[in-house]
Amino acid sequence: MSSGGTIIPSSFELPDFYHFPPFFTIQPVLSTREKQLGQWRELLLKYHTDLKITTLILHECPLWKNNDINRQLTKEEIQIVADDLITSGYGEWEDEHTKTRVRILWRKPEQLASDIYDWAVANGYVNSICTVYELHSGEDVNGMSFQGVDEELLRRALGVLEGQGKCALFQGETSEEDGIKFF
């Protein structure tokens with residue numbers, strides 16, 4: 001499926017509601033709008049997570065337009081969806097003034113922190129050290145929610161764990177060599 005030159009990969013499965021024309025018009029009734037914005041959040045997060053995309057560039061996102069049903073969101077509606085994503089805690093403006101790029105938080109830092117700690121316990125990393133690189137891209141993290149996550153988000157999640165007394169961070173020669181000891 002294409003959208004003005006940008007293509008949604010065939011490997012990404014679109015949900016049924018994506019083919020429902022009213023999905024592409026922000027609904028005026030508050031309860032319906034809240035449900036609709038929740039569906040947009042779900043779709044955007046799944047798309048960006050599945051394809052390992054960390055930044056939503058508003059004018060390039062192929063999801064805003066469905067050529068099969070000849071529907072698309074207006075610029076104002078795209079802004080509403082983006083603002084909702086940020087308000088819900090799943091995104092942050094990378095450019096606060098122009099509002100064209102959103103850092104996607106695949107999961108909230110607190111959720112990632114919990115996932116990371118569960119992984120550390122399950123894989124015997126408590127009372128031992130691993131590197132940020134191993135946590136981000138190592139073989140032991142294949143399929144985990146934090147595999148390949150934006151490094152800033154990963155570090156924020158580790159900061160949550162450090163604040164909870166569940167880990168300590170050690171500076172290495174490069175950021176990828178920074179160490180983490182889990183308690």
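In what order do the three strands of the open sheet with β8, β9 and β10 stand? I looked this up before anything else, keeping in mind that the model is predicted, and I read the order as β8-β10-β9, with antiparallel pairing.

**Entry: the three-stranded sheet**

I noted that β8 (129-131) and β9 (167-170) stand at the edges of this sheet, and because each has a single partner strand, one side of each is left without a neighbour in the sheet. Neighbouring strands are turned against each other by 25 degrees on average, with direction ignored.

I then went through the pairings in turn. β9 and strand β10 (residues 179-182) are joined in the antiparallel sense over four bridges; here I found Ala168 opposite Lys181 in β10. Helix α5 (residues 151-163) packs on the sheet, where it touches β9 and β10, and the direction of α5 makes about 125 degrees with that of β9. Going back to the strands, I recorded Gly179 in β10 as the bridge partner of Phe170.

**Entry: helix α3 and its contact with α5**

Next I turned to helix α3 (residues 109-122), whose axis comes within 8 Å of that of α5, the two crossing at roughly 70 degrees. Since angles of 65 to 115 degrees count as roughly perpendicular, α3 is roughly perpendicular to α5.

Which residues of α3 meet α5? I listed Pro109, Leu112, Ala113, Ile116 and Tyr117 on the α3 side, and they meet Leu153, Leu154, Arg156, Ala157, Leu158, Val160 and Leu161 in α5. Sorted by class, the residues of this contact divide into eleven nonpolar, no polar and one charged.

I also checked the dimensions of the helix: α3 has 14 residues and reaches 20 Å from its first C-alpha to its last, close to the 20 Å expected at 1.5 Å a residue. For burial, I wrote down Pro109, Leu112, Ala113, Asp115, Ile116, Tyr117, Trp119 and Ala120 as the buried residues of α3. These buried residues pack against β8, α4 (132-137), α5 and β10, and I kept in mind that β8 and β10 belong to the three-stranded sheet of the entry above.

**Entry: positive phi values**

I looked at backbone angles after that. Just after α3, Gly124 takes a positive phi of about 75 degrees. Asn127, found in the loop between α3 and β8, also has a positive phi, of about 70 degrees, although Asn127 is not a glycine.

Is Asn127 buried or exposed? I read its relative accessibility as 56%, and because values over 50% count as exposed, Asn127 falls in that class.

Lys99 is another residue other than glycine with a positive phi, in this case near 50 degrees, and I located Lys99 in the loop between β6 (91-93) and β7 (101-104). With 30% relative accessibility, Lys99 counts as partly exposed.

**Entry: the protein as a whole**

Finally I took down the overall values. The secondary structure comes to five helices and ten strands, and the C-alpha atoms fill a box of roughly 55 × 30 × 30 Å along the principal axes. Of the 183 residues, 40% count as buried. Among the contacts with a separation of 6 or more, 56% are accounted for by residues 24 or more positions apart.

Conventions: Residues are numbered from 1 along each chain as its sequence is written. This is a predicted model: local features need pLDDT of at least 70, side-chain atom pairs count only at pLDDT 80 or more; totals for chains, interfaces and linings use all residues. Side-chain values use heavy atoms; hydrogens and water are left out. Two strands pair if DSSP finds at least two bridges between them. Axes are lines fitted to C-alpha atoms, for helices over the stretch in contact, and angles run from 0 to 180 degrees between N-to-C directions. Contact means heavy atoms within 4.5 Å. Angles under 35 degrees count as roughly parallel, over 145 as roughly antiparallel, 65 to 115 as roughly perpendicular and the rest as oblique. Ala, Val, Leu, Ile, Met, Phe, Trp, Tyr, Cys and Pro count as nonpolar, Asp, Glu, Lys and Arg as charged, and the others, Gly among them, as polar. The expected span of a helix is 1.5 Å times one less than its number of residues. Buried means under 20% relative accessible area, exposed over 50%, partly exposed in between (1.4 Å probe, protein chains only).
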